[in-house]
Amino acid sequence: MHARELTQDPKPGQTSSEATCGGRSFEVPAKDLGDGWYAVRPFGPAAHYDLELFAQGGGDMVASLRWRTPVDGPMPEPSARLALIANHDGKPDSYGLELAIDDLAETPQRASAEIKVTAGNGRS
């Protein structure tokens, strides 16, 4: 289950993209209770979230719902990824260096990074 934090107070009739722009998102663990029932507990900081649900069976189902967690839950472990080469149209290509850091407990006001890339031949 995927959750995206709302960055503004939700308003009736407001689309998810209007309320979640720039909010953090993460996968929320769901506990299988059996017979097609699942339990979802607060996860991440107390906030309003849009949850995206996906199901498969005799067909596919996709749904979104708005969820408010009144108390903080556990946070996922922070992670980072670095990308230099992309597979675009079946050919390796580079669009520049990309650094992403996910699942921080708080969104920093400022951030900076310094990355040195060295090729296999020793050139940077």
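**Pocket, patch and loop**

Reply: Happy to! Let's begin with the second largest pocket, whose lining is made up of Met1, His2, Glu27, Ala30, Tyr38, Glu52, Leu53, Phe54, Ala55 and Met61. Its volume is about 170 Å³. Keep in mind that this is a predicted model.

Me: What makes up the lining of the second largest pocket by class?

Reply: Seven of the lining residues are nonpolar, one is polar and two are charged. Glu counts as charged, and Glu27 and Glu52 are both in the lining. Strand β5 (residues 47-56) gives the largest share, four residues.

Me: Why is Asp35 called exposed?

Reply: Exposed means over 50% relative accessible area. Asp35 has 81% relative accessibility, so it counts as exposed. You will find Asp35 in the loop between β3 (31-34) and β4 (37-39).

Me: What is the phi of Asp35?

Reply: Asp35 has a positive phi, about 55°, although it is not a glycine. Most residues other than glycine have a negative phi. Asp103 also has a positive phi, about 65°, and is not a glycine. Asp103 sits in the segment after β10 (98-102).

Me: Which residues form a nonpolar patch on the surface?

Reply: The patch is formed by Leu82, Leu84, Ile85, Leu97, Leu99, Ile101, Leu104, Ile115 and Val117. Together they have about 740 Å² of accessible area. Leu82, one of them, belongs to strand β7 (residues 79-83).

Me: How do you know that these residues qualify for a patch?

Reply: A patch takes residues with over 30% relative accessible area and no salt bridge, and nonpolar side chains are joined within 5 Å. Leu, Ile and Val are among the side chains that count here, and the patch is built from Leu, Ile and Val residues.

Key:
Residues are numbered from 1 along each chain as its sequence is written. This is a predicted model: local features need pLDDT of at least 70, side-chain atom pairs count only at pLDDT 80 or more; totals for chains, interfaces and linings use all residues. Side-chain values use heavy atoms; hydrogens and water are left out. Helices (H or I, at least four residues) and strands (E, at least two) are DSSP runs, numbered from the N terminus. Buried means under 20% relative accessible area, exposed over 50%, partly exposed in between (1.4 Å probe, protein chains only). Patches are made of residues with over 30% relative accessible area and no salt bridge: like charges are joined within 9 Å, nonpolar side chains (Val, Leu, Ile, Met, Phe, Trp, Tyr) within 5 Å. Accessible areas come from the Shrake-Rupley method with a 1.4 Å probe; for residues, only the protein chains shown count as cover. A salt bridge is a side-chain nitrogen of Lys or Arg within 4 Å of a carboxyl oxygen of Asp or Glu. On a 1 Å grid over the protein atoms alone, a cavity is a set of points where a 1.4 Å probe fits but cannot get out, and a pocket is an open set with protein on both sides within 12 Å along at least five of seven lines; lining residues have an atom within 4 Å of a point. Grid points are joined across faces, edges and corners, and a volume is the space filled by probe spheres set on the points.
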